[in-house]
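Q: Please take me through this structure feature by feature, giving the general idea before the particular case.

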Amino acid sequence: MTKGIGIVAPLAIASLTASNGTGTSNLLSPSPREIWRAAAVGSTVIDVDLGATVALDTVFLGFTNATLDATWSVATMSGPSGTGLSVVHSTVGLRVASGIGARHHGYVRLAEPVSSRYLRITVTQVGGIEPMSAGILLIGRTIERPYEYRAGRVALDLSKKTELVDGGFGISKGAIVSSYRFTLSGLTDEQVEELWQIVMAIGESAPLLIVEGHDAVRFSHLHYGLFQRLEPYEREEPEDTRWGLSIRDWG
């Protein structure tokens, strides 16, 4: 599916409503630990108003407790409350392959961007006893760029370790998160400017989604978090600029 690095800056969401459950506004919080939870096992309709007609091709429903058989679909609407409903991504399994632990992501990238102000996302928790919950809803348009194969992940253990006089360690357990570093290459001046606009809007303090370049997207290929240590790009020739970037995943 994705061959280059996918960079998804979130579109602003003007309003969000869910047909049931609590904490709907938590889906717009940058922290995935603040969640929306459905009222019961079954289906929920989430209607999104983007405030204006915009081009989009990516929907990310992150940090869910979706069961193995949970499903979702995405549709555009010509108006609120289901007016002019047009399915752009038919019902499929919600979970991206190879989830880690109890949290799972849903990720859709359409073959071509669509333009709409209103979206309807339908999620269905199938089986199990826990209603569907999710921490992040991110919608945007993917910018895909070539990258060098030296890209890679590193695990970051946030635990605190203290050496003890008896030769052991005192450990205050923390989360283990990941960071992903990559270098975009062969960028034209126009592509550099497009990326520059994203970097200037997001900086190192607003979240975004980075998708590793693989034919089949897995859980570990999706990085929701913050840019870290922004570095200058290197313009080697007018149509060949390199730019090294890294993202620290939100745990």
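A: The accessible surface of the protein, a predicted model, comes to about 12300 Å² (Shrake-Rupley method with a 1.4 Å probe), and 52% of that surface belongs to carbon and sulfur atoms. Local features need pLDDT of at least 70 and side-chain atom pairs count only at pLDDT 80 or more, whereas totals for chains, interfaces and linings use all residues. Residues are numbered from 1 along each chain as its sequence is written, and side-chain values use heavy atoms, with hydrogens and water left out.

Q: What percentage of the 251 residues of the protein count as buried?
A: Buried means under 20% relative accessible area and exposed over 50%, with partly exposed in between (1.4 Å probe, protein chains only); by that rule, 45% of the 251 residues are buried.

Q: Which residues of helix α1 are buried, and where do they lie around its axis?
A: An α-helix has 3.6 residues a turn, so residues three or four places apart point the same way. In α1, the buried residues are Val192, Leu195, Ile198, Val199 and Ile202; seen down the helix axis, they fall within an arc of 120° (taken from the directions from the axis to the C-beta atoms), so they line one face. The face turned away from that buried side carries the exposed residues Glu190, Met200 and Ala201.

Q: Which strands do the buried residues of α1 pack against?
A: Contact means heavy atoms within 4.5 Å, and the buried residues of α1 pack against β1 (5-10), β9 (136-145), β13 (176-187), β14 (208-211), β15 (222-227) and β17 (240-249). Just after α1, glycine 203 takes a positive phi of about 60°.

Conventions
Helices (H or I, at least four residues) and strands (E, at least two) are DSSP runs, numbered from the N terminus.
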